[in-house]
Amino acid sequence: MRIAVIGQAAFGESVLNALAERNENVVGVFCTPDKEGRPVDPIKAAAQNHHIPVYQYRRMRSKEAIDTFKGLSVDLCVMAFVTDIVPDAILEAPTHGSIQYHPSLLPKHRGPSSINWPIIQGERKTGLTIFWPDKGLDTGPVLMQKETEISDDDTLGSVYFDRLFPMGVEAMVESVGLVKEGRAPRIVQDESQATYEGWCKAEDAVIDWSKSVDEIYNLIRGSDPAPGAGTKYDGKKIQFYKAQKQDGDTGREPGVVVEITEKGMLIAATGGAIFVGRVQPEGSRKLMAPEWVESVNLQTGFRFGH
């Protein structure tokens, strides 16, 4: 079976390596062009290591990209972390179609920040979907799904790197096997359960101190490491990371620093408090909270958000 891989970054690299290790016949890898002064994309480096031809196009919708893809006589297209719009002319060209990885349990959380939002919204589980992409955004039939719990301590980083990343690589390889065997299902998504969210941007992750401690904590961990949930200190933006939640009313106004320790700072919220271990002040690198606290001489009683 002649396979083409469209992808990028570490996830695309890992999927390609896993396919190569199983001696799958990958006849071409498509990724974005090199950026001046930056290392080549990991998937390109992996393709070169496996002596697989690499094709780089700024837009997969270009005639040149479509013609190149069709010229490879592909049986299956594997889409491993794709942010560009791939046209129907490519999706439908392979004999067996195209399959794509999406890090949520479709039809829930369609869209580009599908790992952030379940955590921010306080959900207790998420997962991944391998599906057959169509004309819609994350709307095609489902081939495979795998679930994982979201614990109280999970962040965007831990859910993705510890579970959805390795689970996704395994699921992609498993799905390719099912396609080869002619046993890959096409389960239509239930549109009545569908949700969609756009990119989780910095402006979506501004802490509202009038909300409950649970909502604030979920926002911080669902934005850690990106885009970073933020508030204001002395009129400037500051983002919080490495947070923990403490239940029980502190008796202080939300946003007020209750305690400063050698590991960070405890900030009051409605129904509890948020402990912050790492910060990123506006215009600065990320710092461990005690280093920043000392640099600005932060005192208990200070109120964030102003």
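Author: In this predicted model, C77 has S98 in strand β5 as its bridge partner. The bridge belongs to the pairing of β4, residues 76-80, with β5, residues 98-102. These two strands run in the parallel sense, and their pairing extends over 3 bridges.

Two helices that pack on the sheet may be considered next. Helix α1 touches β4 and β5, and also β1 (2-7) and β2 (25-31). The direction of α1 makes about 140° with that of β4. Helix α3, formed by residues 63-71, likewise packs on the sheet. The strands that α3 touches are β1, β2, β3 and β4, and its direction makes about 175° with that of β2.

The whole sheet can now be set out. It is open and consists of 7 strands, in the order β3-β2-β1-β4-β5-β6-β7, with mixed pairing. At its edges stand β3 (54-56) and β7 (142-149); each has a single partner strand, so one side of each lacks a neighbour in the sheet. On average, and with direction ignored, neighbouring strands of this sheet are turned by 20° against each other. As a general rule, the side chains of a regular strand alternate between the two faces of the sheet.

On the side of α1, the residues in contact are A9, A10, G12, E13, L16 and N17. They meet P42, I43, A46 and A47 of α2. Of the residues in this contact, 7 are nonpolar, 2 are polar and 1 is charged. Residues three or four places apart in an α-helix point the same way, because the helix has 3.6 residues a turn.

Strands β10 (residues 257-260) and β11 (residues 265-269) pair in the antiparallel sense over 3 bridges. Here I260 stands opposite M265 in β11, and a hairpin of 4 residues joins β10 to β11. The pairing of β4 with β5, by contrast, is in the parallel sense.

Conventions
Residues numbered from 1 in each chain as written. Predicted model: local features only at pLDDT ≥ 70, side-chain atom pairs only at ≥ 80, totals over all residues. Heavy atoms only, no water. Contact = heavy atoms within 4.5 Å. Nonpolar A, V, L, I, M, F, W, Y, C, P; charged D, E, K, R; others polar. Pairing = 2+ DSSP bridges. Axes fitted to C-alpha atoms, helices over the stretch in contact; angles between N-to-C directions.
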